[in-house]
Amino acid sequence: MLKITDLHASASDKEILKGISLTVNAGEVHAIMGPNGSGKSTLAQIIAGHPGYEVTSGTIEYDGKDLLDMEAEERAQAGVFLAFQYPVEIPGVTNAYFLRAAFNELRKARGEEEVDPMEFLDIMEEKLKLVEMDATMMQRSVNAGFSGGEKKRNEILQMAVLAPKLAVLDETDSGLDIDALRIVAGGVNALKRPDNATIVVTHYQRLLNYIVPDFVHVLAGGRIIRSGGKELAHELEAKGYDWLLEPVSV
Amino acid sequence: MTESYRDQFAANAANGGGEGPTWLPALRAQAFERFTALGFPTTRDEDWHFTSVTPIAERTFKAVKSAPTTLTLTDIAPWLVNESWQRLVFVNGRLEPLLSHFSELPAAVQLSTLSDALREEPEWVKQHLGTLAGFDRAAFTALNTAFMQDGVVVRIPEGECVEVPLHILHISDAHAAGAAVHPRLLVVAEAQSQVVLVESYVGLGQASYLVNTVAEVSVGDGARVDHYKIQRDGIEAFHVSTVQVTQGRDSIYHSFSYAAGAALSRTNVYTKLLGTGGEARLNGLYILDGTQHADHQTFVEHLAESCASRELYIGILDGSSHGVFNGKVYVDPIAQKTDGKQTNKALLLSDKARIDTKPQLEIFADDVKCTHGATIGKLDEQALFYLKSRGIGGENARALLTYAFAAQVLETIEIDSLRLLLERAIFARFTNLALE
Ligand SMILES: Nc1ncnc2c1ncn2[C@@H]1O[C@H](COP(=O)(O)OP(=O)(O)OP(=O)(O)O)[C@@H](O)[C@H]1O
Ligand SMILES: [Mg+2]
């Protein structure tokens, strides 16, 4: 589904990603861990199409298409979804409006009829239950004044509504209390299908107890320095990253 | 340039303009002399530094004596906001009784034309008219006073609450070409009373005309006046407007000023907080394109203790339009515990659009909280990316964020039907999405 080959990328003339290769197949869950500043969010944002990063070499293939050649909105319409590490506040646009607009843009792109506000209300209701969010949040401006946990939950709500093929969750667990973590993970698991895939960026093995990864990758200094199964996350939890980092690469 | 109005003034005085109680022609004459002495403001005047009124000054706009309009209720329906409101409809400055209806109000509440009020209660009118909006240093107010036509008088007696908005609709059409209209509004809300006013200015077509309006608003102790002004004059028109308010103890004056029309507009909202505990909420939204120029000036005088003022002005500028916001706040030495906040934000949608903002705070009391903030910018790139990452494409994302920028101040509109009307209009202007 996703094939990243030797990806190099920079921002403000600073090289951040220094040759990343990663293949994600349908039905798989991949976890990406790694120290602060190693390039995890950069990778996530590049997959989503953030214009602030320059890909200097390498390729990303998604569903047989050249992902780097697509605008951010085209990627979303093709089923790519990024749950932001720092969700953006949009005062003046209600959550309900935003979600419905997004939902309809995706439907239009697939050649389907748009849904009207009443129909959308039914869809909403079900998804709100999934993430245990109060319906009053829908009438508030997107993320404006939301608590940290509410913003993360709102990301999962969007994911639930948009039903992506490839979901990238960038530290969706950070700042969540235990209950919220369970709810968010439950939401992600409920949306799991054999034909979609998930990449979770996290610092904590805790999340991976709920969302069990098929593969764990360690990203450090802009490279994947180790890949393994879910037991790698336990090892990292116990030993930290130091044992993986070669002295010369620091 | 002001001299060119002298013949008109003389003609006007000789024919109709000289009517009314004896003090009125005297007031007009005094105002006219002041107007010629002051002349039109120039950019050397501090208050007009960013706005040149040369296009107004170099022409002589004629008073219109137009025939009754042929516009029908259907023609004006789009501008009524809500058909059930009491309303006075003026076309080219002339009251149109067939389009108006304003008789369904509590008996004690007075809503009438200025000429009726002058006939029925000349002494009461004399006590108020011209006493709030001085023309000593205001040429346009002097000009209005000299030529003011059928205006509107609103008097809400003590303790009376009028909840349904009163609408004063000024329409200018092709017959207004080359003409000046000088609407006048006098509002006296006595102690503990409440009233909601909507003033609309609408231009139909491309005519070039001048609207020079003056409103005087007295908000009594414990009274509340909500005052909405919706300016959608024609794109070739000139619009100059001054609202002068005085506020009593524990009163609330809430103003919302919308400017989307006119080639050149200047909107002044001035309030004097005279009694303790008064509150002024002054909000505004201007949306400009092409070569439009819109200048807003506010002046809040804190002249008593423990008053609050809140200002939020939002501008959206496209093309090579030019916006000006000048927010003056004066805090008198006796006005301790003043709480003032002024915010103005402008969104520039093109490289050629320009905004000049000038907050002016003069604070002479020590125990006060006064803040002001101005931001000028382009659309937030992070927010754009967020929308795109959800499938909302480039143009739509920009449009949605532009609308959202306006929505920050639209939400201060407390009349649902009016807020919806503006939300829809602005949404449609920027997007081809559906709001509902
Ligand atoms: N737009 C940018 N301009 C300049 N430097 C950037 C930009 N974006 C990211 N960086 C830098 O690139 C490096 C990687 O950042 P990134 O956000 O990808 O790290 P991360 O692995 O997600 O870290 P964390 O675990 O703290 O979230 C950091 O040093 C960061 O400062
Ligand atoms: Mg990160």
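Guide: In this predicted model, B:Asp416 has a relative accessible area of 47%, so it counts as partly exposed. The cut-offs for that class are simple: a residue under 20% is buried, one over 50% is exposed, and anything in between is partly exposed. The partner of B:Asp416 is B:Arg419, and the two form a salt bridge in which the closest N and O atoms are 3.0 Å apart. A salt bridge here requires such a nitrogen and a carboxyl oxygen to be within 4 Å, and the 3.0 Å of this pair meets that requirement. B:Arg419 has a relative accessibility of 21%, which makes it partly exposed as well. Both residues belong to helix H10 of chain B, which runs over residues 416-430. They sit 3 residues apart in that helix, or about one turn. Elsewhere in chain B, salt bridges with shared partners join five residues into one network: B:Arg224, B:Asp226, B:Glu279, B:Arg281 and B:Glu414.

In one of them, B:Glu216 meets B:Arg184, with 2.9 Å between the closest N and O atoms. B:Glu216 belongs to strand S10 (residues 210-219) and B:Arg184 to strand S8 (residues 184-189), so this bridge ties together parts of chain B that are 32 residues apart in sequence. B:Glu216 and B:Arg184 are both buried.

In the other, the side chains of B:Arg155 and B:Glu121 come together at 3.1 Å, N to O. B:Arg155 is in strand S5 (residues 152-156), while B:Glu121 is in the loop between helix H5 (114-120) and helix H6 (122-128), so the link is between parts of chain B that are 34 residues apart in sequence. B:Arg155 has a relative accessible area of 22% and is partly exposed. B:Glu121 is partly exposed too, at 27% relative accessibility. Over all chains, the search of the whole structure gives 32 salt bridges.

Some loops of chain B also deserve a look. B:Asn92 lies in the loop between strand S2 (86-91) and strand S3 (94-95). Its phi is near 50°, which is a positive value in a residue other than glycine. With a relative accessible area of 4%, B:Asn92 is buried. B:Glu104 is in the loop between S3 and strand S4 (110-113), and its relative accessible area of 59% makes it exposed. The C-alpha atom of B:Glu104 is 7.1 Å from that of B:Gln86, and the two residues are 18 apart along the chain. B:Ser321 is in the loop between strand S17 (308-317) and strand S18 (322-331). B:Ser321 has a relative accessible area of 0%, so it counts as buried.

A:Ala163 lies in the loop between helix H5 (148-162) and strand S9 (166-170) of chain A, and it is partly exposed at 41% relative accessible area.

A:Glu61, A:Asp66, A:Asp69, A:Glu71 and A:Glu74 make up a negative surface patch. A:Glu61 comes from strand S4 (residues 54-62) of chain A. Membership of a patch requires over 30% relative accessible area and no salt bridge. A:Glu61 passes the area cut-off because its relative accessibility is 42%, which makes it partly exposed.

The C-alpha trace of chain A spans about 60 × 40 × 35 Å along its principal axes. A compact globule with 250 residues would have a radius of gyration near 18 Å, and the 18 Å of chain A agrees with that.

Notes:
Residues numbered from 1 in each chain as written. Chains lettered and ligands numbered in written order. Predicted model: local features only at pLDDT ≥ 70, side-chain atom pairs only at ≥ 80, totals over all residues. Heavy atoms only, no water. Patch = residues over 30% accessible without salt bridge, like charges linked within 9 Å, V, L, I, M, F, W, Y side chains within 5 Å. Areas by Shrake-Rupley, 256 points an atom, 1.4 Å probe, with all protein chains shown as cover. Lys, Arg positive; Asp, Glu negative; His and termini not counted. Charge placed at Lys NZ, Arg CZ, Asp CG, Glu CD. Helix = DSSP H or I, 4+ residues; strand = E, 2+ residues; numbered from the N terminus. Buried < 20%, exposed > 50% of the residue type's maximum accessible area, 1.4 Å probe, protein only. Rg over C-alpha atoms; globule rule 2.2 N^0.38 Å.
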